[in-house]
Amino acid sequence: MADPQQVVVIGGGISGLACAFRLQQLGSPVTLLEAADSVGGLIGTSTQDGFLFETGPQSFQGTDAMLDLVRELGIEADLCMADPRAPRYILRHGQLQKVPMSPQAIVSSSLLGVGSRWKVVSEAFRKTKPPSEEESVADFVRRKFGHEILEYLVAPFVSGVYAGDPEKLSLRAAFPSLEEWEREYGSILRGAMKSRPPKGTTSGPPRLCSFRGGMATLTRALATHVGQNVRGGVHADAVTRVQTTSGPRYEIRMTQGGRQETVSARALVLATPAYTASHLVAQISSPLAASLSGIAYAAVAVVASGYYTHQLSAELDGFGVLIPRSEKYHTLGTVWNSSLFPERARDGQFTITSFAGGVTDPEIMDKTEKEIAAIVQQENEHILEVTGSPIVSAVWKHPKALPQYNLGHGHVVRAIRDAEREIPGLFFSSNYLQGPSIPKCVEQGFQTAHAVHAHLKGRALAAS
Ligand SMILES: Cc1cc2nc3c(=O)[nH]c(=O)nc-3n(C[C@H](O)[C@H](O)[C@H](O)COP(=O)(O)OP(=O)(O)OC[C@H]3O[C@@H](n4cnc5c(N)ncnc54)[C@H](O)[C@@H]3O)c2cc1C
């Protein structure tokens, strides 16, 4: 077999690409293997009849780190930012209600009853302690704010981020700052206020961003910088670890176009979903494989539609709408893409993207794409008062879309981190570790790259 590669990254979604990009910048030769023909993973852009649709994520939070990356990649001219004042809506009794975004807005909000509004506003003056045992998001919200806030504010938000079930999601794993703030300050409002950066040190909360050419601009640019060592259409089938006199080596068996090949590496980064990582590490550590296979995933169907503006009874002005389960729709929420990023459609037209499925409605995935599109379009007729069929629509079904940070998830992450220490040269970087958002995946990819680089430097020093 040829000399081992320095590092092999398996998985060319945003996590693997960010890791490979940083490794290359640190001077560690890297090869990235991606099963699909093109990189991006859940991130994908499709143009149809003059509309730009996203197959998964629609935008990302423009944190300082993300904006730095955009500049490093030289794609800042393509960046577009949404209006930070764009209102968000929640459906209640069939009516769109603005989500209150500040304590002052909560006081006058028509989304919540007087009792709930008082519970939120007065929370800063009450002191509570988190229970000793791990708590679900739902139990936490009921304990602190009551059922109405859970049903009409938190649960829709949770389905917007995780497509998850708040009764199962772990507060500690999914929203760690909330637990920390309660523990430290006795109140999450006080914690949020104390954690705000001092005035004048930032330009305000991060704005929602995308690219004129769509979200795939980011993953394509990362792949271009990593260069010819990105190998698409390569499925990693199995991994073994071999102990040699110069340290451990990973042998990766893979298939490309029906042909099998084996490459070996001094360090291996698994940037695939957890169920694939579980399969790949099975011959290295069965307890680790079992931990990884225990992470549940939610299915999500993405339905993108393009309409004429005259098909709307009123202008859709804002981020979009989230739909509580008690409203009895299949649609979890709809993003008003053209309102956030007008370049998503031609003049006189607009585009929206709806999401269906999630942990609370997995059965919808048994339907065909055509059936799902029909259900969502009919629901949008009621919710958004859109009339008639769309000019064009497209559906992407993601059967295993989002990892669930359910009760016990912290133990799984600890088991993975322990394995990284105990099995030198093996690393993990993916959306099931530190948060599913794109900025979190990038942050995690960069951290992994630095850890891999330090590992290789340590090996080189030991050998010299
Ligand atoms: C519908 C939806 C909407 C979302 N919206 C947003 C949003 O608006 N903003 C936001 O910040 N985040 C959003 N997210 C979350 C975010 O998009 C994802 O968490 C993130 O893109 C995951 O990246 P990843 O690289 O960790 O995983 P993935 O994108 O899943 O990449 C893993 C890659 O590994 C490859 N792979 C798997 N097995 C193998 C193998 N054996 N050999 C080789 N390659 C393999 C896969 O083909 C894939 O390309 C959304 C997610 C979904 C599903």
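## Ligand shell and domain contact: worked exercises

Of the 35 residues around the ligand, S15, E34, S59, P436 and I438 come nearest; a residue counts as near if one of its heavy atoms lies within 4 Å. The model is predicted, with local features needing pLDDT of at least 70 and side-chain atom pairs pLDDT 80 or more, while totals for chains, interfaces and linings use all residues. Residues are numbered from 1 along each chain as its sequence is written, and side-chain values use heavy atoms, leaving out hydrogens and water.

**Exercise 1.** Find polar contacts of the ligand, meaning pairs of N or O atoms within 3.5 Å.

*Solution.* 
- Start with S15: a polar side-chain atom is 2.7 Å from a ligand oxygen atom.
- Go on to L42, where a backbone N or O atom lies 2.8 Å from an oxygen atom of the ligand.
- Finish with I14, which has a polar backbone atom 3.1 Å from a ligand oxygen atom.

**Exercise 2.** Describe the shell around the ligand by class and by domain.

*Solution.* 
- Sort by class: the shell has 19 nonpolar, 15 polar and one charged residues. Ala, Val, Leu, Ile, Met, Phe, Trp, Tyr, Cys and Pro count as nonpolar, Asp, Glu, Lys and Arg as charged, and the others, Gly among them, as polar.
- Assign domains, with bounds from an automatic or database assignment: domain 1 (5–42 + 212–295 + 405–463) and domain 3 (297–403) both give residues to the shell, so the ligand lies between them.

**Exercise 3.** Characterise the contact between domain 1 and domain 2 (99–195).

*Solution.* 
- Take the C-alpha centres of the two domains, domain 1 and domain 2, which lie 35 Å apart.
- Count contact residues (heavy atoms within 4.5 Å): seven come from domain 1 and eleven from domain 2.
- Compute the buried area, the accessible area (1.4 Å probe) that two parts lose on being put together, summed over both. Between domain 1 and domain 2 this is about 650 Å², with 62% from carbon and sulfur atoms.

How values were computed
Polar contact = N/O pair within 3.5 Å; in protein donor to acceptor, adjacent residues only side chain to side chain.
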